[in-house]
Each structure stands twice: as structure tokens, then as C-alpha cells.
Amino acid sequence: MHTEPVQSEGVTRKPKVLQVITHLALGGAEEVAISLAESLHQDVDFTFFVVQGGPRSEIGRDFYLRLQACNIPVYTGTMVPMKLGGAMVAGLRLNRLIWRVRPDIIHLHTEIPETTYACATLFGLPGPMKLVRTIHNTSLWPAWARIGAWAERRLGGARVGSVSKGGLDGLMRFQDAYRIPRTPEQQSQVIYAGVSRDEPRGPGPATLNGDGVPVRVLFAGRFEYQKGVDLIPEIVEQAAHLTTRPVELHIAGSGTFERGLRDWVATQRTSWKITIGPPIPNLAAYLNNGNQDLILMPSRFEGLSLVAVESLMAGVPIIATKIAGLQEVFHGEYALLAEAGDMKGLAALLALAINDLEGATAEALAQRPTMFDRFSQRGMGTNYLQLYQRALVDAPT
């Protein structure tokens, strides 16, 4: 499918879409935005605005190089923290970029870009804007409720794609809580994040380990409250008492809880070998190459979770939580889910999966066939092309 070309001063051209993301760093929203640009750059003239500056990690540099490979220009906002004036500084820079680029559509990913756009409107824009929002989480504006309500009122009329039904439900709950008119049903839809480019590929699940070979467990994600990373020490210490096989746990990521996690790793006294390191670039390829046996994901809330999708595509079992959004990843019954915050339940499931790795792998393999169609980049690209087309014919917001 192709978008209809845009007529501008008698010249036919590709539609111009300005995607606004938080940072070039670890994050599902950033992966979705960049994958979308890779899928559609032949049909859409993309520009990127990165609110919180340029790449500061290996993952960020990889994101930047992927955009460069598609000849997509990247502009940056500010390193000033949002609540210390950064939102206004970035908003002014975004405003100037909008005047310069004159996009047909502005596509906003998550709350920081939405707040930045709301600030940009304070400086005057070159006419009404056509907006697309992607909702990436089920709990909106968790630390920014009042600012979020102000920003929401400046996003009226936007078309919405959500990575899960749970995300749409979260948006409606927030709008209801602050008496903001709901996004009309005909202007919103679920568009699952695209991970796979093709049919199943790569070596698939790793060869199962013998009893004397360590079971390799991975946590990969941001070290933040949302991800339940603060629960890992208690989960692991409980699970270690229940396991009969040697275990190697690696914790990969960065964020607020990093210092506490590093202190715990250095002093913990379980029988497991536990290490901690930076985020893993190209996690999907890493998992497909058979580098891990199990994934631990004790999240409190998720929009969808690309890590869960990538794990199941690789045939790697994931011990996770029964939360909105994340549950939409699984098809039919899946036995390795506990309630959010239930450290005892998560520890028991983790130990069960370690002691019976064959059974846990069978759970993952049962999910694998459905993943590639439901979470394909091709499908995501087609849906966003259609969403852009509808936005182009909308009355401007």
C-alpha cells in the first residue's frame, strides 16, 4: 500500500511526517518509531526530533545509524531536565523545526514528546497541525498528571494508534479522570508494534542444557519502577532456594535503580552467578542466536513489551506478569505468568522454569507460530500508512 501523494504549490511529493521521540536510548517507543521509519521511508518523507538530545549509548548510536542509513534527518532538543525548564526549551526548538520543515503530520510518541509539542504550541505554529499519537503504555502520565492534563487538552483531534488495547483503555481512563473529551472511537485503533521483518528465521530456540550446565536467565530493560526491577533481589533470593540446577543471571539495562542493583549484585549470597551490565543492542538477534534460556520480566505495567515479543519469537520462555498490554502478547494459555508485584509467585515460576527448562521451552514454542504475523513490521507499516492517509484528509486540529 502507498500513501496518496501530497499536492503542494502544484508539485506532487511524498507526505512529510515529523516523528517526535524522547531520546535515542533504550525504549520500546523509540524502537517502534525507528522501525516504522525504516518500513515506510520510501513512501513517507520523515524527519525526527529527539527531545532529550542525541545518542549517549551504544543503543542510541545504533538507532542514529539506522536513521542515517535511511537518509532521515535528526534534530535534537535539550539536555536540560524536563521539569527544570527543559520542556519549554525543547518546545521552542520543536516549534522552530515545525516552521522550518512544515510537516503534513506530526507523530508523537509518549508523554514527553506530547508535553514538548504542547509547549511548542505556546510559541505559535504555521497553522493548524494534523497530529498522530502512538500510545505506548497503559498507565499515562504517571508522574506528570497535572502537566499531562494540560498537554492532553492541546492534543484534541489527534488520530491515535496504540500498541495495545490496554493502552487505549489507559488513555480513556486518563481523559475521563480529568474530564477531557475522549478521543473518538473512529479516530483510534490498536496497531501492534512490529518486530519481525520476515517469516521465522535464525536458529530458533537454543539447545537445552544438561543438568550440570548453568541455566542462563536474563532481565533486559530499563531500571525503573515500571519494570519491577526493584523486585528482582527478593525474587531471585526466593527462587535460589527452590532451584536444583546452576544458574547464571545477567541484568542488562540502565536507569534509576542501577546503583542499588549493583550494590546488591556485589553483596548477594545466593548460589547463583549474577552479573550486571549495560543494555544489549539488537536484543532480538542476541536471543535468536541462543544466548539465553529464560527471560525474567516482573513489570508493574507495560504498553505491550517488545522484549516479550522478541523472546517468544526466539523460542525463549519468559516469566512475566498478568498485566494489561503485556497479556495481549500471549495467545491462548501461558503458564508462566504471576500477578504484578507478587514476588513469591514470580520466584516460584522462575524456579519452576529453571528446574524444568524443557517444559518452559515448550510453553514458549507453543506461542511462537502466532508471533510473526501479529507483530510484523510489514503489518505495522501498512496500518500506519492507512492512519497517515486518514489524518491527511482530516480537518486539521
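What separates Tyr384 and Tyr388 in helix 13? In this predicted model, the two tyrosines are four residues apart in the helix, which means that about one helical turn lies between them.

Helix 13 itself covers residues 377-393. Its 17 residues should span 24 Å at 1.5 Å a residue, and the end C-alpha atoms lie 25 Å apart, in agreement with that expectation. Buried positions in this helix include Gln377, Met380, Gly381, Leu385 and Leu392. Tyr384 also counts as buried because its relative accessibility, 1%, falls under 20%. Tyr388 is likewise buried, with a relative accessible area of 1%.

Turning to the rings, the structure holds seven aromatic pairs. One of these joins Tyr384 and Tyr388 in a tilted arrangement, with 6.3 Å centre to centre and 50° between the planes. Ring pairs also bring in Phe46, which forms a cluster with Tyr384 and Tyr388.

Tyrosine rings elsewhere meet arginine charges. The charged end of Arg300 sits over the ring of Tyr225, 3.8 Å from its centre, while that of Arg374 sits over the ring of Tyr192, at 5.7 Å from the ring centre.

Leu261 has a relative accessible area of 4%. Leaving aside residues up to four places away in sequence, Leu261 touches Phe223, Val229, Pro233, Ile251 and Ile276.

Note on methods:
Residues are numbered from 1 along each chain as its sequence is written. This is a predicted model: local features need pLDDT of at least 70, side-chain atom pairs count only at pLDDT 80 or more; totals for chains, interfaces and linings use all residues. Side-chain values use heavy atoms; hydrogens and water are left out. Buried means under 20% relative accessible area, exposed over 50%, partly exposed in between (1.4 Å probe, protein chains only). Contact means heavy atoms within 4.5 Å. The expected span of a helix is 1.5 Å times one less than its number of residues. Rings of Phe, Tyr and Trp (its six-membered ring) pair if their centres lie within 6.5 Å; planes under 30 degrees apart count as stacked, over 60 as edge-to-face and the rest as tilted. A charge sits over a ring if NZ of Lys or CZ of Arg is within 6 Å of the ring centre and within 35 degrees of the ring normal.
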